[in-house]
Structures are given as structure tokens and as C-alpha cells.
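Reader: Could you take me through this structure with a few questions and answers?

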Amino acid sequence: MSPSPVLAMRGIDKAFLGVPVLRSVDLDIEPGEVHALVGENGAGKSTLMKILAGVHTADAGTIELHGRAVSFTHPLQAQHAGIATVFQEFNLLPELSVAENLHLGREPRRRGLIDRRAMAERTAELLADLGVDDLAPAAKAGTLSVPRRQIVEIARAMSQGADLICMDEPTAALADAEVELLYRLVERLRDKGVSVLYVSHRLREIFDLCDRITVLKDGERVATVDTPDITPDELVTAMVGRRIEAVFPEPLPGTETGEVRLRVEGGGNAHVDGIDLEVRAGEIVGLAGLQGSGRTEVAEAVFGITPFTRGTVAVDGAPKRITGPRKAIAAGLALVTEDRKAQGLALNQSVKANARMVLDANARVHSRERLARIDGVLSGLDLVSQGGDQEVQYLSGGNQQKVVVAKWLAAEPGVIVLDEPTRGIDVGAKHKLYSAIRSLAAEGLAVLLITSELIEVIGLADRIVVLHDGRIAGELPAGATEQQVMAYATGRSPA
Amino acid sequence: MRHLRTASAALIGGGTGTVFALLAAIFIAVAFINPGFFEWPSLMAFLKQAAPLVILAAGQYFVIVSGNFDLSVGALVGAQVVIAAKLIDGEESRTLPVLGVMLLFGLGVGLVNGLITTALKVQSFITTLGMMLVLYGAIRLWTGGAPTGSLSEAFRGPGRRGIEGVPLIGEIPWAVLIMLGAGAAAIWLMRTRFGRILVATGDNDLAAELSGARTGTVRTVAFVFSGLSATVAGLLIGGYAGVSAQVGEGMEFTVITAVVLGGVVLGGGRGSVVAAMAGALTLEALFTLFNQMFLPASIRPSVQGAIIIAAVAYAAWRRTRRPVAATATVNADPS
Amino acid sequence: MSPRRLDTTALIYLALAGVVAVGGAAVAMDGGNLFSTANLVDMFTRTSLTGFLAIGMTLVILCRSLDLSVGYTAALSSLVAATTMDGDPGRIVLGVAAALLVSGLIGAAGGAVVAFLGVNPFIATLGVGLIIKGYLDTRYKGPAGDVPALFQQFGYTRVAFLPISTIVMLALAAAGIWFLRSTRTGHHMYAVGGDIDIARMSGVRTKRVLMAAHVLCGMAAGTAGLLLAARFGTGSAESYTNLYELDAIAAVVLGGTLLLGGRGGIAGTVAGVLILAVLDTVFNVMQINPFAKDVLRGAIIIAAVAIYARRQLGRTARRPRFDAATTGAGTGRP
């Protein structure tokens with residue numbers, strides 16, 4: 001290890017609401033190094049990155065940049081210190097041009113005025129420097145394609161004079177040809193002596209691009225190795241391997257797999273293709289895949305938000321044309337969405353108002369009996385609140401999720417699609433949700449469980465369907481290993 | 001009894017209690033200056049005068065809580081009065097048919113506002129601003145500039161007269177009864193599925209939509225209710241004050257002030273209809289207080305402006321100070 | 001998205017040309033001439049007052065704010081100017097300075113309530129407007145002050161068919177365009193209106209930018225007040241009854257500036273002002289009932305915004321993986 005790393009993080013601890021997310025993590029990054037940060041979902045990668053970006057502050061530990069201790073309480077401080085972060089969600093203003101976005105807040109000036117010529121020139125230089133020659137500095141960011149926006153974000157990080165650029169799953173939204181472009185960019189950065197912290201699941205990229213790899217598992221650093229010293233299979237083994245039995249409840253007695261309740265044949269639209277799915281009563285089917293593999297898109301297609309344009313969907317044997325949420329609900333479907341705050345809850349409303357939202361919105365499922373059962377549904381999920389009149393914004397994440405689940409259960413669906421149901425909730429609440437999912441199956445519901453956490457699919461699903469690049473890469477029975485799932489998810493065949 | 005319970009629930013929860021405290025404080029001040037105010041006749045006169053604004057506030061509440069504005073209500077109130085005068089033209093027998101025409105017109109204006117806002121995706125501020133201009137011009141175009149015709153006695157009844165000879169109270173104005181009826185209807189509506197979905201839509205329209213709600217439809221219906229409230233208010237104001245070209249002018253801002261004073265948040269999803277109506281009552285009480293204090297009427301807008309800024313600033317300040325236990329978990333996404 | 005989508009400003013000037021052509025033809029068929037000196041003077045005279053207000057309004061709307069108090073500010077400014085000048089040509093400069101100072105302070109007050117107290121701009125500036133209204137109604141029962149003849153020239157003199165006030169308005173518009181393009185504060189208004197969080201994260205001093213927009217909007221309204229004073233020869237409290245603020249907002253959104261901020265500009269606003277003025281003149285010349293103008297105006301504003309609503313750029317684009325041909329049609333997300 002060279003004597004003067006760009007970045008040295010030592011003993012970083014971070015907990016949210018008392019749940020430790022990072023435990024004493026160390027990370028060193030050398031100048032001009034491309035350093036991969038890998039780990040399963042929930043391993044703590046994003047949190048570590050957000051600490052570097054100044055979004056979160058570490059509870060304990062030190063960060064040294066070029067040997068000098070730093071601490072960030074605001075993203076601007078991190079930027080000024082020379083750490084730039086390219087997040088997955090875009091941080092460009094669509095109405096501003098590429099050049100304006102690149103220089104926002106730091107516009108070059110001459111005699112106090114914005115020097116547009118210098119701005120355009122610098123932009124052209126920067127882009128040329130990155131080997132990008134077909135991006136007009138004057139183009140509005142909103143008119144660019146996704147990979148081009150990403151280029152702009154990276155160029156912006158460069159223009160900030162950053163000597164460490166963190167990239168969060170940069171290829172999640174890219175097609176293969178565009179990934180090549182990203183490779184070239186990263187290699188340019190390395191040539192210029194800029195260090196890159198590369199957060200990704202995609203093994204191929206990691207082995208193609210990165211010099212060293214740090215593996216996180218359950219918030220701890222498992223290993224930091226030179227890339228040549230490890231094989232893909234060893235890396236997967238290092239990432240996975242949590243004890244599953246301890247966490248997941250067994251199927252409830254009396255759970256029986258019955259008739260097919262949801263069947264999709266040859267489903268496809270702009271985002272996914274060739275989707276064949278079958279979920280039976282009492283069955284939990286896991287839908288696994290890496291970020292950007294089309295998991296959520298399948299859920300949205302089934303629920304009619306972005307309907308399938310090809311193929312057929314049948315619910316309880318009857319063919320259905322599901323072109324919107326109302327049709328889906330009428331057909332007996334329910335969708336617990338990925339982002340419960342943006343898509344699931346009216347945060348200023350009470351627990352009760354949210355729990356009856358689906359019933360209130362759909363005359364076809366509304367009934368006095370179902371309304372009367374809501375309290376029972378909520379207490380069946382062990383909701384902890386100060387009563388039905390409490391506004392859901394004051395509940396914890398886990399309890400909010402229970403309200404979302406209750407809202408759907410109130411309508412007594414036959415098929416329930418759960419998209420990342422445990423995202424951002426603490427371990428205890430996760431446990432209760434797992435039990436709840438089991439009892440849904442026991443009651444004869446068909447459950448389609450979408451999750452990016454491998455152990456969840458493995459611990460809960462009766463069958464696992466793995467997606468890769470918008471298509472089904474393979475199907476595995478219960479008892480599959482994480483390596484097998486990962487193999488399909490990364491586009492290889494399991495050994 | 002139920003209204004009382006709703007009112008008290010609103011007092012305790014939801015953070016809309018401030019307006020009731022303010023209303024009580026103003027009433028106390030009025031009582032201090034003029035103890036006679038709380039005798040039935042003057043109290044009834046106060047309520048009669050306040051009734052149109054309270055009804056408009058209920059209508060505006062539906063629109064605001066669903067996340068929109070209705071700036072066209074003032075012009076609509078004016079239009080309705082002018083339409084009534086021109087069509088009735090002093091003929092008693094035309095009263096009922098003309099009321100029917102007004103009703104259709106009010107509902108139609110609301111429907112157009114709603115459809116332009118939801119189907120054409122024009123911000124409601126612009127839609128209803130445009131509607132305000134259209135109504136203003138169209139009515140004057142139709143009447144040739146100044147209102148023509150006159151209202152019938154029957155038409156003026158609801159705004160002017162009442163049930164006489166009620167023991168203890170004396171006369172109960174029709175306007176007060178209409179106000180109570182409209183208020184009760186509004187409270188009832190907000191407890192129906194429609195009301196719940198309306199608030200949910202204003203709070204988070206994506207979540208409502210994904211739950212199967214027809215968000216565009218409920219928002220449109222909210223505009224229709226606002227149009228209806230302007231029609232009823234027009235009937236009362238026309239009856240009370242007669243016809244003039246100025247009827248309704250600036251009322252859209254007064255009523256939005258009232259609703260916001262009631263703790264209803266612009267942008268939707270927060271606040272109760274009871275509090276919105278209480279806001280209107282508070283504003284009217286404030287004007288009464290000014291009268292009692294012999295303040296010049298011209299100073300009213302200043303106080304109104306200062307109070308509305310203070311009320312909203314206070315609400316904003318309280319929201320930021322409130323402990324939000326859940327926010328920590330937003331960031332906890334360890335993905 | 002077509003590769004050569006027409007710039008919104010180009011579109012609005014195209015619309016202006018269309019309105020002028022159709023209006024000119026209509027007047028000609030009626031036996032008149034829209035482009036006679038008298039009619040041109042009438043047309044341009046109409047632009048200056050709304051123009052001043054709309055230029056300032058553009059700045060606040062670009063920041064995703066609003067100013068409903070400009071009509072009242074203009075009325076107050078006319079009084080401040082007229083009473084300060086008090087008929088003395090030597091006090092013109094003082095009067096102008098006082099009016100601009102007062103109107104700038106009013107803008108600052110509204111801006112501070114928005115930026116620092118977090119009050120919705122609709123409410124904040126409505127409140128400020130009402131406060132001024134109360135003051136005006138109480139303090140001034142009628143016209144007050146006396147504007148010296150020299151300053152009244154601002155209201156009446158013209159060069160050929162261009163009134164001085166219009167020239168000043170166009171100069172102010174040019175200055176505004178330059179300000180938005182060439183100064184940091186101006187440029188940052190687009191960022192603040194586009195996404196205030198991204199702007200803040202990029203190091204933009206968002207509150208300062210908001211304040212600047214409101215102060216400049218107030219001063220633009222003050223300039224409109226000076227014009228009112230010059231035209232009337234006195235300060236006029238009553239002038240707020242014309243609801244100038246709504247005219248200004250109408251011109252701004254007609255000019256393609258997004259009511260939700262972050263997009264548009266003063267060039268478009270000027271076109272919006274011109275379109276409204278041309279319509280007014282055409283109606284005037286053809287002796288159409290002036291109230292028809294209001295109807296048309298309301299309809300045009302709604303139609304314009306409905307058209308602009310179809311031309312929005314999305315911030316997040318989900319990339320289609322399959323059948324890319326259907327992408328433009330949108331993903332049908334609610």
C-alpha cells in the first residue's frame with residue numbers, strides 16, 4: 001500500500017434509529033485507482049457513499065483526505081474537499097444546457113459577469129478530455145438520453161476538480177454499448193490520476209474495470225483485495241453467506257399450493273420482454289435480479305401502470321386486460337409499491353384514512369364488512385401506533401409499510417405483489433413482515449415477492465424467478481443458493 | 001352533535017385549532033366592546049352577513065384540499081347576480097326557472113374549470129384566472145356593460161328574510177339556515193368516500209391513483225362544488241345587497257384568505273372543512289370587531305393581509321418544529 | 001421529442017406575427033389600417049405599463065415564486081413619486097429615487113416572507129398587497145401630489161410612433177435579458193425555479209436569489225408606478241383596481257414562462273405583452289365591444305398554457321429496453 005492514499009476512512013460506524021448499518025468500516029483509496037465497493041443490498045454500500053458525499057454524517061470514525069482529517073456536514077463541503085458523487089437519481093436541471101449544468105454555482109466570470117464563451121470552451125475541453133465528442137455543450141440536459149446525462153454528471157464531477165469520484169451503480173440504467181462508453185470514461189479518469197470509487201453489483205464490470213475490491217457484508221468490511229487475486233466465484237462467496245435459518249420463519253402449517261391465480265405468458269413492453277410467470281394460491285414466488293434488471297417494471301406491468309403491450313395475463317384462469325390500477329384492483333390484484341412515501345401513502349392523513357384508501361377509491365371492492373375488518377387487519381400486522389387517528393408520517397418505516405400492506409389486504413385481493421417490502425425498515429419490523437408474508441400465503445393468496453435482497457428471496461420463496469436485462473434469465477426451486485441466483489442475475493449460467 | 005364532535009376533533013387534532021382560538025379571542029374582544037352583540041338579533045345579523053363567505057369557503061375548501069385554486073369564484077358570484085337580474089327582470093314567475101339556469105351555469109363553470117385543469121393539465125391558477133377574465137368580459141358583453149333588469153322579491157327572500165316569530169331568537173334568517181345546511185352537507189361530504197379520496201388526492205395523487213382513485217374526476221367534482229357554492233353565495237348576496245357591477249369583486253382572494261386562515265394548506269391534503277368555514281367566520285368577526293372599534297373600513301385589508309401572513313408563517317414554523325420521528329428512516333435505505 | 005423542436009420563444013414570436021397578420025387583415029377588411037401611426041401609437045402605449053410589471057413578474061415566476069402585490073406597489077409608487085416631486089422639476093430625481101426605493105423595499109418584504117418564513121408566495125404577496133391596499137385606502141382619499149410637466153413627458157412624448165415609455169420598457173427588457181443571461185444571480189434564477197434542492201446542493205445561494213428576484217420585481221412595479229404618475233400628473237391610489245398584477249401574470253405565462261418556474265424568459269414576456277396589446281388595439285380599432293377582449297384574453301391564456309403543457313421536458317427518463325419505437329409515447333405512468 002502506498003504511503004499517501006487519497007482517502008483513508010477508519011472505523012466508520014453508522015446506525016439509523018439504533019440499527020447499525022456500518023460497523024467499524026475501513027476504506028483506503030489510492031491515487032488513480034478504480035476501487036470497487038461491492039456487497040449485497042443492505043450491506044451498507046450506499047450509506048458509506050453518502051457519508052463520503054456529506055449527505056450523512058458518521059457516528060464514529062475518521063475520514064482523512066490526503067492525510068488531513070475532514071468531516072462533512074453538508075454535501076457542498078465534500079464537493080469543495082474534492083469528492084464528487086454521481087448518484088443514481090439524476091441531479092441535472094433539464095431546462096439548463098449541458099454547459100450550464102456543468103458549471104452551476106461555479107460559473108466562470110469575467111469582470112463579474114458570466115463568461116459564456118469560457119463556459120462553452122471549458123465544457124468542450126472537459127468533454128473532449130473524457131473522449132466524448134458528440135455532445136453539444138448547448139444542448140438542454142432534459143433532451144439527453146440517460147447515458148448522456150450520466151456523462152454530464154461525470155464531467156461535472158471532473159470539472160469540480162475532484163480527485164475522488166464516487167459512482168453509485170453507474171451502469172444500472174445503461175445498455176451494453178453504453179457501458180463501453182462508461183468504461184472509456186473511467187479509464188480516462190484513471191489515466192488522469194483521478195480515483196474512482198465504483199459501487200456496483202455487476203461482476204463483469206468490476207473485473208473489467210477495477211484495480212481493487214472492497215467487500216462489505218452486513219455493514220462490515222469483509223475483505224479488500226487486488227482484483228487479480230480473486231475469482232468471480234470467490235467474490236460472490238465473500239459477498240453472500242449470511243445465516244438464513246435464523247432470520248426467516250418457516251411456512252405456516254396448513255399452507256397449500258392450489259390453483260394458478262396469476263399467469264403471465266409472453267408478457268412484454270418497452271422495459272421487459274418474454275415474461276412468463278405463474279403464481280399459485282398459497283405460493284410465494286420470488287422475483288430476483290440486479291438493480292435495473294426490470295423487477296419493478298414487471299410489477300408495474302402486471303398492475304397495469306405500464307401495461308404489457310405483448311402477451312397475455314390471466315387472473316384465476318380468466319384472461320384480463322389490465323390497463324390501469326383500477327382494472328388491476330377489480331381483477332383482485334394488489335401492489336405494495338417500492339417507494340412507500342411517494343407511491344403508497346398520503347403522509348398527512350391518518351392511519352385509518354390510509355388503510356381504507358383502496359376501499360374508498362374502488363366502489364367494486366368497497367363494503368361495510370371490509371371496512372369493519374380494517375382494525376383487525378391492522379392489529380393482525382402488529383401495527384404500533386398511537387391509534388387510528390395518528391398521521392402516518394409520524395410512524396416508523398416498518399409501521400408505515402404495515403399500513404400500506406393493510407390498505408391492500410382490506411380489499412381482500414387474490415394476488416399480492418410486494419415490491420421491496422422491507423426496504424428501509426429495521427430488523428425487527430422486517431421479521432414481522434416476513435411472518436405476515438407467510439400468513440398471506442397460508443390464507444391462500446398468491447404472493448409475488450420482488451426484492452433485491454437475495455437472502456429474502458431464498459428465505460421466503462417457494463420458487464425463484466431471476467431477471468436479467470429485462471428478461472427471465474432462469475428459474476430456481478426453493479433451497480437455491482445465493483451463488484446460483486447471483487449467477488443468473490449477472491447473466492451467467494449457474495455452475 | 002356530530003358537527004360538534006367533528007369541530008372538537010379538529011380542535012384537538014390536525015393542527016387546525018388555532019383558528020378556533022382566534023375566533024374565540026375576537027368574539028371576546030367584541031363582547032368587551034359591545035356586550036349587546038351577543039343578543040339574538042345582532043348575532044343573527046352577523047351570521048346572515050357572514051353566510052355567503054362561509055359557503056364560498058366550503059366550496060373553495062374542496063378545491064384547495066385537492067391541491068388546486070379557484071380564482072374564478074368572485075367573478076362567478078358577480079355573474080350569477082347579473083344573470084339573475086337580467087333574466088328575471090322583475091317577473092316573480094321567472095324566479096324558479098332562473099334559479100335553475102343559475103344552478104346549471106354554476107355547475108358548468110366548475111366543470112369547465114375542472115376539465116381544463118385535469119384533462120389539459122393547465123395549472124388551476126391559470127385555468128381559473130382565465131375563467132375569471134372570461135366571465136368578467138362575457139357578462140358585461142351580454143349586458144352591454146352595466147347590469148340590467150331587476151331581481152324578484154322571491155329571489156331576494158333567501159338573502160333578506162327569515163323565519164319570523166321564533167321564540168327567544170326572534171327572526172332566523174334564511175341565509176343562516178342555508179349556511180348551516182351547506183356546512184352540514186360539506187362536512188357530510190368530507191366523511192364520504194369522495195371526501196376521503198379528495199384529501200388523499202391532494203396529499204399524494206400518485207398514491208391515490210395507484211390505489212385505484214380517479215384523481216382527475218374527484219378534482220373536477222371539487223371545482224363543480226366550488227361553482228355550486230358561488231351560485232348559492234350569489235343568490236344570498238344578490239338578495240341581501242342587490243345588483244351592481246361590483247358584486248363579487250375581489251371575493252376570490254377574501255375566500256382563499258379565509259380558507260388559509262382556517263389552517264388549510266395551499267397545495268392540498270391538509271386541513272378540515274370545518275376549520276375552513278371557521279376561517280371565514282373569523283374573518284367576518286374581525287371585520288365586525290373593526291366596526292365596533294370604529295376603525296375606518298379602509299384599514300381592513302391591511303389587517304387582513306398581516307393576519308394571513310402571520311397565520312401561514314406560524315403554521316409553517318410549527319410544521320418545521322414538529323418532531324418527525326419517521327424521517328430518519330427515509331435515509332436509512334441501506335441499498 | 002422531434003430533433004428540431006421549435007424553441008418556445010420562437011413559437012411565441014411566430015404567434016405574435018400571426019396575431020399581427022390576422023389582426024391587420026381583419027382591420028383592413030373593416031376598412032381601416034392597423035399600421036397607421038395613430039394605431040401603432042395606441043398599440044405601443046398599451047405595452048409599456050403591463051410591460052414593466054410583466055418584466056419584473058417574469059423574474060419571480062422564473063424562481064417559482066409569484067408577486068400578487070405589484071398593482072398595489074405601482075399605485076403606492078405613483079403616490080410616493082408625485083408627492084415627493086410636488087410640482088418641482090428639481091425634485092424629479094429625488095422622486096424617482098424615492099419611488100424605486102420604496103417599491104424595492106416592498107419587494108424585499110414579500111421576498112423575505114417567502115424565502116425566510118417559508119410562506120407560500122401566493123399568500124405572502126397577497127398579504128403584502130392587502131397591507132398596502134389598506135394603507136392607500138386609509139391614507140389617500142384621492143389623487144395626491146403633483147408631477148412636474150417635465151416628468152409628464154415620460155408619459156406622453158414619443159419618437160415617431162414609439163412612446164418614450166415603450167422605449168424605456170424595451171430597454172428595461174433588454175437589461176433584464178442581459179441580467180438573466182450574464183449575471184450569476186440572474187442565471188441562478190433558472191436553477192432555483194427548476195429545482196431548489198439541486199440548486200442549493202450546487203452551491204447556489206437560493207435565498208439570496210429569491211430575494212433579488214422579489215426586489216427587482218418590486219422595483220419594476222415601482223417603474224410602472226412612475227409611468228402612472230407621469231400619465232395622470234398626480235399619484236393615483238385608485239389605479240390598483242385595474243388588477244394589473246393579473247395582466248402581468250397573463251403576459252408572462254402567455255410568453256412561455258412556466259408558472260412552476262425554471263423555464264422561460266423576458267423575450268417571451270415581451271412577446272406576450274405585445275400580443276395582448278395588438279389584440280386590444282385591433283378590438284379598439286374595429287370598435288368591438290371591449291369586454292369581448294377579456295373573454296378572448298382569458299381563453300388565449302388557458303389555450304397557451306395547455307399548449308405549453310405538452311412541451312415539457314422530463315427530469316427523469318426511464319430508458320426503454322425493448323421496442324424503442326414506442327418510447328416517445330410515454331410510459332403511461334399516472
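**Contact, sheet and loop**

The contact takes in 38 residues of chain C and 39 residues of chain B, two residues being in contact if their C-beta atoms, placed from the backbone, lie within 7 Å. This is a predicted model, in which local features need pLDDT of at least 70 and side-chain atom pairs count only at pLDDT 80 or more, while totals for chains, interfaces and linings use all residues. Residues are numbered from 1 along each chain as its sequence is written, and chains are lettered from A and ligands numbered from 1 in the order in which they are written.

Reader: Which helix supplies the largest share of the side of chain C that touches chain B?
Author: Helices here are DSSP runs of H or I with at least four residues, and strands are runs of E with at least two, numbered from the N terminus. On that side of chain C, α5 (121–139), α11 (244–254) and α13 (290–309) each supply at least two residues. The largest share, 14 residues, comes from α5(C).

Reader: Is Pro228(A) buried or exposed?
Author: Pro228(A) sits in the loop between β12 (220–226) and α8 (232–239) of chain A. A residue is buried if 20 or more other C-beta atoms, placed from the backbone, lie within 10 Å of its own, exposed if 12 or fewer, and partly exposed in between. Because Pro228(A) has 9 C-beta neighbours inside 10 Å, Pro228(A) counts as exposed.
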